[in-house]
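Here is a short briefing on one model.

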Amino acid sequence: MSFPYPRQISRILCSDFDETWRPHLPANQQESGIGELEDYLQTHINPLQLVVGWITGSILEAVFWKCTGYARYFPHFIASSLGTELYFIRNNHIAPCQEWIKAINDSGFLLANIPKAVKKATAYGIELYPQPEDYQGKFTRSFYYKDCPTSREDLIRMGEIAIEYRMKLTYSLCNPAAGDPEGYYDLQFLPSCTGKDKVLQFLCNLWKVEHRNTWAVGDSFNDLQMIRNVAHGYYLSNADPKVREYYPTQTTLPYCKGIKEILSQIRI
């Protein structure tokens, strides 16, 4: 099932998925507050004139199976594969956003260039480890890169290589709570026009949502740009302690309980 769209849209809430809307550990899933959050949204979407969506590093198929037995409702949109793919969900039907696909095609991005970029990075002695298939999207490839004394120089060089191939590099420290290895960077090659912050901006322009009516919530470093680019950005109380040093505004409750805490502060 999917949440109904409000009769009028004036607010948007963008949420990360893994370790934000859905905990990684089964024990935390049972106590996440997902049912209470879904019930709250069912009764408040129209009064708040609110659209809600997930902007996640997972591929769409992984989001679906992770929701099985956990979530009763899908949001209004899902931006999967780190905001490189955008889907709208209406009346239980999901469809890709054609405008978003056109923007990627117009950017000059070619998936075939990513292996070339990786090969060039390898020639400089930079070792990249492919991430699981759950994080390999239609327009991106994800890798782990081990933190080391030359990390700063390596990341700068990989960013330059990405630009050379008409794409961009994004990276952040891994969050072990979400199942990632400790001491590594979470790294992606993706189209220059995409990313968590870019898809947020696109949706605000599409629905003509004013900046003062934008919310975002997450748990890790790869949510930082999204959170910084809204009027009301939050890290959950279960967020990586290291990332909270970069953005102090946080909830007092974890997971869906924290998201409901944010929503309950919005005045109708």
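Two strands count as paired if DSSP finds at least two bridges between them. Strand β1 (residues 11–15) and strand β10 (residues 214–218) pair in the parallel sense, over four bridges. The model is a predicted one.

**Sheet**
- Seven strands make up an open sheet with mixed pairing.
- Their order is β5-β4-β3-β2-β1-β10-β11.
- The edges are β5 (93–96) and β11 (232–235). Each has a single partner strand, so one side of each lacks a neighbour in the sheet.
- On average, neighbouring strands of this sheet are turned by 20° against each other, direction ignored.
- Within the β1 and β10 pair, Leu-13 stands opposite Trp-215 of β10.

**Helix on the sheet**
- Helix α3 (residues 60–67) packs on the sheet.
- Helix α3 touches β2 (50–55), β3 (77–80), β4 (85–90) and β5.
- The direction of α3 makes about 125° with that of β3.

**Cavity**
- One cavity of 30 Å³ or more turns up in a search of the whole structure.
- The largest cavity holds about 270 Å³ of space.
- It is lined by 25 residues, and the closest to its centre are Gly-57, Tyr-135, Asp-180, Asp-186 and Asn-222.
- Strands β8 (168–173) and β9 (184–190) each contribute at least two residues to the lining of the largest cavity.
- By class, the lining of the largest cavity has six nonpolar, 12 polar and seven charged residues.

Technical notes: Residues numbered from 1 in each chain as written. Predicted model: local features only at pLDDT ≥ 70, side-chain atom pairs only at ≥ 80, totals over all residues. Heavy atoms only, no water. Axes fitted to C-alpha atoms, helices over the stretch in contact; angles between N-to-C directions. Contact = heavy atoms within 4.5 Å. 1 Å grid on protein atoms, 1.4 Å probe; cavity = no way out; pocket = protein on both sides within 12 Å on 5 of 7 lines; lining within 4 Å. Points joined across faces, edges and corners; volume = space filled by probe spheres on them. Nonpolar A, V, L, I, M, F, W, Y, C, P; charged D, E, K, R; others polar.
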